[in-house]
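The following note sets out numbered points for a colleague who is examining the model. Each point is meant to be read beside the coordinates.

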Amino acid sequence: MDIYCFCHPHGEPYHDDLVYLGEGLEVRGHRLFGNRNYWRKDPENDKWLITHDPSVRPKDCGIVLVAGLFFECPVESEGRLSFAKLPSDVLQPERRNKVVFIDTNDGWQTPMWRPECRNMDLVLRTKLNRRCTYPENVRPWVLGYSSRVERMASQAPEFARRKRVVLDNFGYSHSWPHTARDWARERVYPRIRAYIPVEERKAPTCTLSEGSWNWMMHQQCARRHNPAYYQDLCNVQIVSCFCGDWFPQWPRDCRPLCGGGRKADLRRRIWWSVHQIMRGSPRLIQWDSWRFWETFVCGAVPLTTNLEEAGVTLPVMPEPDFHYIACDLHGRVNPDVFEPNRLRSIAENGREWALANYNQATAADRLISWL
């Protein structure tokens, strides 16, 4: 069928959600149109994943996809947000097509709560936590990985030839804080250093010398494509994939825990006090990261929080210490996972699980089946 994609109309947004799902839809034979040409495939030609054709309108297509950054897109060079609105005819009650919002936004209070999104047929929410409340049309989703990442992982060496370390390689694309990463450095790393070294570093950024394809991807990915970074992932055995922020167990409606200012800070302090008194189990919000999926594809082992314990929800859940190394909510890790043969087995199991359940075509099939 024909599928219409709404990209943010201004600037140079990075819609990784449309690339991941769009590549799968293309593999399955669907045609992708949009409000602008998006995601150039090769620097040597003018072919795009999503094509702008003025004769194709949203109502002519069976599915309308709205990118996560469509409504509010950061202009990083200027430190501001750029805003957009959907055309008024997209969400008409008598529409025959299906409208889907791919919500990849950080935090809990995202555009999924907007009236437009509440009136859509489906919201695909990455970073979903089952211990929070969400609108009824929300389903769990993931950031996933694209053919770009698979290409970067294609030259990865055998697991035994990789450096036996845990790589902490955060911050090459931004310096925003994550309480889960600070927590890992304070609670997890000191415990595992008795079994394996931890290397903390940032990869150098991409330059024109890396070639035209790498430079094009670097520009299209808002400077997040970086050959040196992928080389790191392909040449170590374990990658630290901690991401997101800890929330107290209550309340399920997280609105009192969101926002800025003194009042919001006071509300968070009160709820954390309740959490401590009642001995609650913390929740991990905004857990998903590109690094988690990139690590699987590159054949390394992700190290992160036990996702099940933290409330994280995916369409198909990975098994802790079988597909990835999981620390419990106190920061403890089973030392047996660092035994060389077991570590290699976890790497193989994890990569097989990710490629089977979250390849682009499977993501497209999952969406079609839900609709």
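A crossover counts as right-handed when, with the strands pointing away from the viewer, the path from the first strand over the helix to the second runs clockwise. The model discussed below is predicted.

1. The β-α-β unit. Strand 1, helix 1 and strand 2 form a β-α-β unit of the right-handed kind. Its two strands, strand 1 (residues 2–6) and strand 2 (residues 31–34), are paired in the parallel sense through 4 bridges. Within this pairing, Cys-5 has Gly-34 of strand 2 as its bridge partner.

2. Helix 1 against helix 10. A pair of packed helices is described by the angle between the axes and the distance between them. For helix 1 (residues 16–27) and helix 10 (residues 360–370), the axes come within 7 Å and cross at roughly 85 degrees. The two helices are therefore roughly perpendicular to each other. Helix 1 contributes Tyr-20, Leu-21, Glu-23, Gly-24, Leu-25 and Val-27 to the contact, and helix 10 contributes Gln-360, Ala-361, Ala-363, Ala-364, Leu-367 and Ile-368. By class, this contact comprises 9 nonpolar, 2 polar and 1 charged residues.

3. Another open sheet has 5 strands in the order 12-11-13-16-17, with parallel pairing. Strand 12 (198–200) and strand 17 (325–327) each have a single partner strand and stand at the edges, so one side of each is left without a neighbour in the sheet. Neighbouring strands are turned against each other by 25 degrees on average, direction ignored.

4. Strand 13 and its partners. Strand 11 (residues 163–168) and strand 13 (residues 236–240) run parallel and are joined by 3 bridges. In this pairing, Val-166 has Ile-238 of strand 13 as its bridge partner, and Lys-163 stands opposite Val-236. Strand 13 also pairs with strand 16 in the parallel sense over 3 bridges, where Val-239 stands opposite Pro-302. Strand 13 is mostly covered, with 5 of its 5 residues buried.

5. Is Gln-237 buried or exposed? Gln-237, which lies in strand 13, is buried, because its relative accessible area is 8% and the limit for a buried residue is under 20%. Beyond its neighbours within four places in sequence, Gln-237 contacts Phe-159, Ala-160, Arg-162, Lys-163, Arg-164, Val-165, Ala-300, Val-301 and Leu-343.

6. Helix 4 (residues 179–192) lies across strand 11, strand 12, strand 13, strand 16 (301–305) and strand 17, and runs at about 145 degrees to strand 12. Helix 9 (residues 340–357) also packs on the sheet, where it touches strand 11, strand 13, strand 16 and strand 17. The direction of helix 9 makes about 90 degrees with that of strand 16.

7. Helix 8. Of the 8 residues in helix 8 (residues 290–297), 7 are buried. These are Arg-291, Phe-292, Trp-293, Glu-294, Thr-295, Phe-296 and Val-297. Their cover includes helix 3 (147–153), helix 4, helix 6 (227–234), strand 13, strand 16 and helix 9. Just after helix 8, Gly-299 adopts a positive phi of about 85 degrees.

8. A buried loop residue. Thr-110 lies in the loop between strand 8 (98–103) and helix 2 (115–118). Thr-110 is buried, with a relative accessible area of 7%. Leaving aside neighbours within four places in sequence, Thr-110 is in contact with Asp-103, Asn-105 and Arg-125.

Technical notes: Residues are numbered from 1 along each chain as its sequence is written. This is a predicted model: local features need pLDDT of at least 70, side-chain atom pairs count only at pLDDT 80 or more; totals for chains, interfaces and linings use all residues. Side-chain values use heavy atoms; hydrogens and water are left out. Two strands pair if DSSP finds at least two bridges between them. Axes are lines fitted to C-alpha atoms, for helices over the stretch in contact, and angles run from 0 to 180 degrees between N-to-C directions. Contact means heavy atoms within 4.5 Å. Buried means under 20% relative accessible area, exposed over 50%, partly exposed in between (1.4 Å probe, protein chains only). Angles under 35 degrees count as roughly parallel, over 145 as roughly antiparallel, 65 to 115 as roughly perpendicular and the rest as oblique. Ala, Val, Leu, Ile, Met, Phe, Trp, Tyr, Cys and Pro count as nonpolar, Asp, Glu, Lys and Arg as charged, and the others, Gly among them, as polar.
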